[in-house]
Amino acid sequence: MNARVYRDAYGVPHLQAVDPLALVYLQGVNAAQDRAWQLEYERRRFLGTTAAFLGPEALPWDVFARQAQLADTAQRCFENLDAETQEWVTAYVEGVNHALPGGAARAPEFDQTGLQLEKWEPWAPLGIWLTIHILFAGFPSKLWRTHVAKHLGDDHIDLFTSEGPRTAGSNGWLVPGTATSTGQAVIAGDPHRFIESPGVYQQIRLACPEYDVLGLAIPGIPGLAHFGHAGKVAWSITNAMADYQDVYAEQIRRTGSSVEALGPDGWAPASRSVSVVEVAGAEPVEIELIETERGPVIGDGLSLRYPPRVLGRLGFEAFPKLLKATSVADLDAALDGWVEPVNVVLAADVDGGLLHRVAGTVPRRTAANRQRVVPARESEHQWDGWEPMPHAIIDGPEVMANARGISGSLGSEFASPHRADRIRSLLSARTDWTAKDMPEVHRDTWLGSAGQVLDLLVGLDELSAEAVALRKELLEWDRRMDATSSTASAYAAVRKAIVSRLADHFAVLENGEVPEVFRPWMDPLNHVAYGLENLLAADLPDVNQSWIAREALEEVAARGPRPPWGETHQIAPLHPLDGPIFAADEEPIDLGLSGDHHCVMSTSSVPGLTDICLRASAARYAWDLADRSASAWVVPLGASGILGDAHHHDQLPLWLRGDLAPIVTDWDQLHRDDRTYTAEVEGFGTIRIIESDPDRDLDLIREWVTAERAGFWGMGDLSDTEIGDVYRFLDSVPTHHVFLVHLDDVPVALFQTYDPQADPIGTSYDIQAGDIGAHFLIGPGDPRPGFTGTLLHAIGNYLLVDQAHPRLVSEPDTRNTRAVARLHRTGFTLGPEVQVPLVAGGTKTAQLAFLTRESFTAAGATTEPPAANSATD
């Protein structure tokens, strides 16, 4: 199996390599090529250095990231991994480091911000994973509940309980073989997150002799953690809504240069350091980092305790095991090592195995810890071991939609049951489901929560004629939030007006004092909007619901007819720079959406504030266990994170309609990534650099590398079989590539590249991210003036400009004085002499030489070939 990247019609990468390490390296390369800005942005988030290029608006996050010790936690978790998993993660990072400069050259955000690339740390994927999920369990909601109790009393602490503005809204379901037309299970769903540009999920396929898995990856993270189909087994997750992070109110005192915190056993030392946050366009900000026995202090005397910090583990050991799974038993065993986030898992295999479990790590402690901020000094709030993870039996279609269910004992706030109930109702209607039918469920727009608002309108009197007509329209409505429906729009407007008036009754909750990064969790309007059902059901004594409903109805009726729901309910993908979805020369697509927060097609706005949708399905999928090629998927934008790329948002029309894109599993129906390069040189001819195929080119290569003139290549004494083995090996690894250089369609030179991280030369010098090494051999033929220089110019253009590697490394034999002189004349800077092993055995003394992109382009080399130096060049 060769190291190759193939793509389907939507640009989705299908990666193929000879073993898991080569494959995960290739996954890192691919992620860096397709999502460079996204990767580097997420890395800077866990380091807390985004304000350095985004400015003061990013400062609150950076302060939190540093105070919460995300980077240090990631490093600890990496160092605690077993050696095999460390090697696997490191291979991914090496792939990222090699390809990131080239990917960054294509991403306009780097020029816009002036962001300079840095070499990734081996633990960067763990830092990114931690950053993405640190707020996933919603610990800031404890700040809100504590705030509510302070101003309204403890009896109001659950008043606003519902699916909050920062919690998940994912759907997932498993249809067992007893309810499908094939007799094999179908798994489908759609994880809901903020819709970002680029998207948080990347469709990908990872294939090597050990496994062949397709699914949804998170760029920056190796493997397929959450959603995958391995042929014999498939799995998916939703957020379990478990509570596994605690916030403690700390008492801290300073004794000279040291800091102490009051815990259950009295005053104890706390660690302290100072960190400086750089801010673009402003002065640096110095912050204090304190960590008590509970955890790091995240502002205002509050410490955060979370399992990865306590255990020094994130559960990454499970990731490569998931790829190797062939049964639900394998998956179940792998997930026993999962830490964060805590997920509900559904899985099935071709032998009829079914799995429904919770995976993750939840501390055992008092119920108060799950509700609010608790005092650090009281021993009853300490952690006391870990909760067992529940398993359940599947005896029919099973649904997971963040509602209280299998994980009910592990959390305190769950999603309303409307989505879960609706999916169960749809699935129970028939027993001949197929994967192709899943969009019928995905796109369902029936709004289960509408009844409570509509019921308020029934008994209203003294209404205007316009309000009476609007009420009649709403009460006859089919409760479907379709983009084309003006009645759906009118309902949303009435609901918004009700929320706005109801929120006025909780003005006392405004302006909660918390660190700035947590302010979105402290907005009463958000909580009233998402807790509307509970608030109306509570029948609060100081709230006149009839008056509120009448005023809301009259307000909307007075405005006249509403436009269709999709005119105001439009997706607005988030981008750190508020970047556009469409390039300047592209025709925009109508971004109107069907659905609403409690629909299966869950497209969430903030009902009391805006119709704009910020949260929705970050992907949709349907895994067919009978025939993987019958599976399907879609993401909101596309495979590429680069604005203007053909695959930046080519899946958007499908996603807006609720449709899925087909999954191609036949390698012959995919097209291979093209590494060819062509340059027209006036007076010289057409130079083409073409990746070699050993089966096609081996005879030619063997003749060239064993010729007397190629003595410095050290292959003259190798047999034909040995040379064939060498070049087939080079073709099988993602770190080395062999090319033939053609002049007017005639091969004239051999050209090989390598990633120094995966080559012995890498131990001889300080590798920089994106370095590319190269060997060059002129084939036999009559000498021509300027011949070698012109070919080297084309290769430099290909590697340093087209592929955007920042530095080219060469290491000719020191005895090859002509080659060394040629490199020096071409602009290379000579480095030290080093010992390098040869393919045939032994070593050579090599002259290291380096050519940077800046040096190459400064001389105008991208447009002008170097002048001929002699007739024998």
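The buried residues of α21 (545-558) pack against α16 (450-458), α17 (465-475), α18 (486-503) and α20 (532-538), where contact means heavy atoms within 4.5 Å and buried means under 20% relative accessible area with a 1.4 Å probe, protein chains only. Helices here are DSSP runs of H or I with at least four residues, and strands are runs of E with at least two, numbered from the N terminus. The model is predicted, with local features needing pLDDT of at least 70 and side-chain atom pairs counting only at pLDDT 80 or more, while totals for chains, interfaces and linings use all residues. Residues are numbered from 1 along each chain as its sequence is written, and side-chain values use heavy atoms, leaving out hydrogens and water.

On α21 itself, the buried set is Q545, I548, A549, R550, A552, L553, V556 and A557. After α21 comes G560, with a positive phi near 90°.

Residues A490, A493, V494, A497, I498, R501 and L502 of α18 meet I548, A549, E551, A552, L553, E555 and V556 of α21.

Elsewhere, R365 sits in the loop between β17 (354-359) and α13 (367-371). Its relative accessibility is 10%, so R365 counts as buried.

Notes
Buried means under 20% relative accessible area, exposed over 50%, partly exposed in between (1.4 Å probe, protein chains only).
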